[in-house]
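Here's a quick tour for anyone meeting this protein for the first time. Have a look at the sequence and the model, then read on.

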Amino acid sequence: MAKLWGGRFRSEENKSMEDFNSSFPFDKRLYKEDVTGSIAHVHMLGKQGIIAREEADLIASTLQQILADIDAGSLLLSGLPEDAEDIHTFIEMELTARIGDVGKKLHTGRSRNDQVAVDMRQYARSACSHLTDLVRQLKEALAAKGKEYPCLMPGYTHLQRAQVVTFRYYMNAYVSMLERDMQRLTNTGDLMNRSPLGCAALAGTTHQLDRAMTAAELGFDGPVDNFLDGVSDRDYLLEMLSDMSIIMVHLSRLSEELILWSSSEFNFVEIDDAYATGSSIMPQKKNNDACELIRGKTGRVFGSLMGLLTTMKGLPLAYNKDMQEDKQGFFDAVDTLEACLTIMTGIISTLKVKEEVMKKSVRTGFLNATEVADYLVKKGVAFRDAHGIVGRIVIACEDRGKAIEDLTIEELREFDPVFDEEIYEFLDYRNILSKGIKKEILMD
């Protein structure tokens, strides 16, 4: 079979160029979107009288059968059929092979430019919804794990113990991040939900297409506003790649925490055996490889974003073949994020938290020092002076091998005479979380 575009060519395409030009090995995953887009298009052609209604019905029913055969595995997408340079050509060739010349009428009033664009929007929209569900599952797992372990633990700045929090509050920090991630994905889904079908190559068509009809059949909010923009827009992929990159930042940060916490040096948590691996030489090792892989795969998703940004930055309107490079990186990013979210949800759901180790660690590092300064402020001491006083108390405690709460009133009054027995309310770690806006930590 000749190329769909081969009419104006005198000679055959170079085999190397044919392979170089082909996108079938990776865009074949768009087969469902391509078939559903084509069915909507041919329904509209029949309704508008652009082709006969019975021809439209035959094409639509055959396309549905092709889709069923691919899903059932009786029509394989494992190889590259001759002359099928992409999934769009493959579907049309299969259609024509089954019903003859009437199949050639499918492409009336349509270009591969708007065909590719509508396929990718459908795929991205579906992926956006699926990833949102996976983010929600991880968010729920984090919240549930926090409720299971509301114990005290150190909070950190500069990876140094800073102030007391709870494990539940720590988990809910990631819950907040994921809530923003879900909102970003939802916003991206809303913005992309316009159909480019009917834009044709770049300037529409002389046929009286009903773009609103095809948009509605495919579940879009309506058609795009501008033909040129419709076929050349990849903002929705860039935005979704950006959303996915931010999610990976959050997963990578959580992975780093779990890697640290599961080390012997912290010993705060234990990763379930189902999400750990061992060493080929050291029998005692239990490695947190799942989290390390998530941390490592973050750069892969970043790379897909930067790759597409670079591809798009210098392209004139409308369609350019460079845009074929939008797919592999995007597909890989979706697959990578899906796997990372699924694995992280499993890690969190099976995580064992060592409450007593966390509680014990709270007593080292002077995590109540800021509250001592707050106490002095309540006694009328200027905060900057209070800060200096408590700094000297910490030095003394280090020299004496004591925690602040171990000091007697007499020892505390060596630094300022305003200290009285009330100070011990400000030194008790759980009591600290009942004062001022810190109550939110316990209430969260």
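**A briefing on the model**

Let's start with a charged pair: Asp 210 and Lys 47 form a salt bridge, their closest N and O atoms being 2.9 Å apart (a salt bridge is a side-chain nitrogen of Lys or Arg within 4 Å of a carboxyl oxygen of Asp or Glu). This pair links distant parts of the chain, 163 residues apart: Asp 210 sits in the loop between helix H7 (167–192) and helix H8 (211–217), and Lys 47 in helix H3. Helices (H or I, at least four residues) and strands (E, at least two) are DSSP runs, numbered from the N terminus.

Before going further, keep in mind that this is a predicted model, where local features need pLDDT of at least 70 and side-chain atom pairs count only at pLDDT 80 or more, while totals for chains, interfaces and linings use all residues. Residues are numbered from 1 along each chain as its sequence is written, and side-chain values use heavy atoms, with hydrogens and water left out.

**Overall picture**

- The protein's secondary structure comes to 19 helices and 4 strands.
- Its C-alpha atoms fill a box of roughly 100 × 55 × 35 Å along the principal axes.
- The radius of gyration is 31 Å, whereas a compact globule of 444 residues would have one near 22 Å (taken over C-alpha atoms, with the globule rule being 2.2 Å times the number of residues to the power 0.38).
- Of the 444 residues, 49% count as buried; buried means under 20% relative accessible area, exposed over 50%, and partly exposed in between (1.4 Å probe, protein chains only).
- Take the contacts with a separation of 6 or more: residues 24 or more positions apart account for 75% of them (contact means heavy atoms within 4.5 Å).

**More salt bridges**

- The structure holds 29 salt bridges.
- One of them brings together the side chains of Arg 29 and Asp 335, at 2.8 Å from N to O.
- Arg 29 lies in the loop between helix H2 (24–27) and helix H3 (31–47), and Asp 335 in helix H12 (residues 326–349), so the pair ties together parts that are 306 residues apart in sequence.
- Arg 29 is partly exposed at 32% relative accessible area, and Asp 335 counts as partly exposed at 32% too.
- Lys 105 and Glu 55 also meet through their side chains in a salt bridge (2.8 Å, N to O).
- That pair links distant parts of the chain, 50 residues apart: Lys 105 is in the loop between helix H5 (87–99) and helix H6 (112–148), and Glu 55 in helix H4 (residues 53–72).

**The hairpin**

- Strands S1 (residues 152–157) and S2 (residues 160–166) run antiparallel and are joined by 6 bridges (two strands pair if DSSP finds at least two bridges between them).
- S1 and S2 form a hairpin with 2 residues between them, and His 158 in the turn has a positive phi of about 55°.
- Met 153 stands opposite Val 165 in S2.

**On the surface**

- Leu 228 lies in helix H9 (residues 227–232) and counts as partly exposed, at 32% relative accessibility.
- Arg 384 lies in helix H15 (residues 383–400) and is exposed, with a relative accessible area of 59%.
- The C-alpha atoms of Arg 384 and Ala 373, 11 residues apart along the chain, are separated by 9.0 Å.
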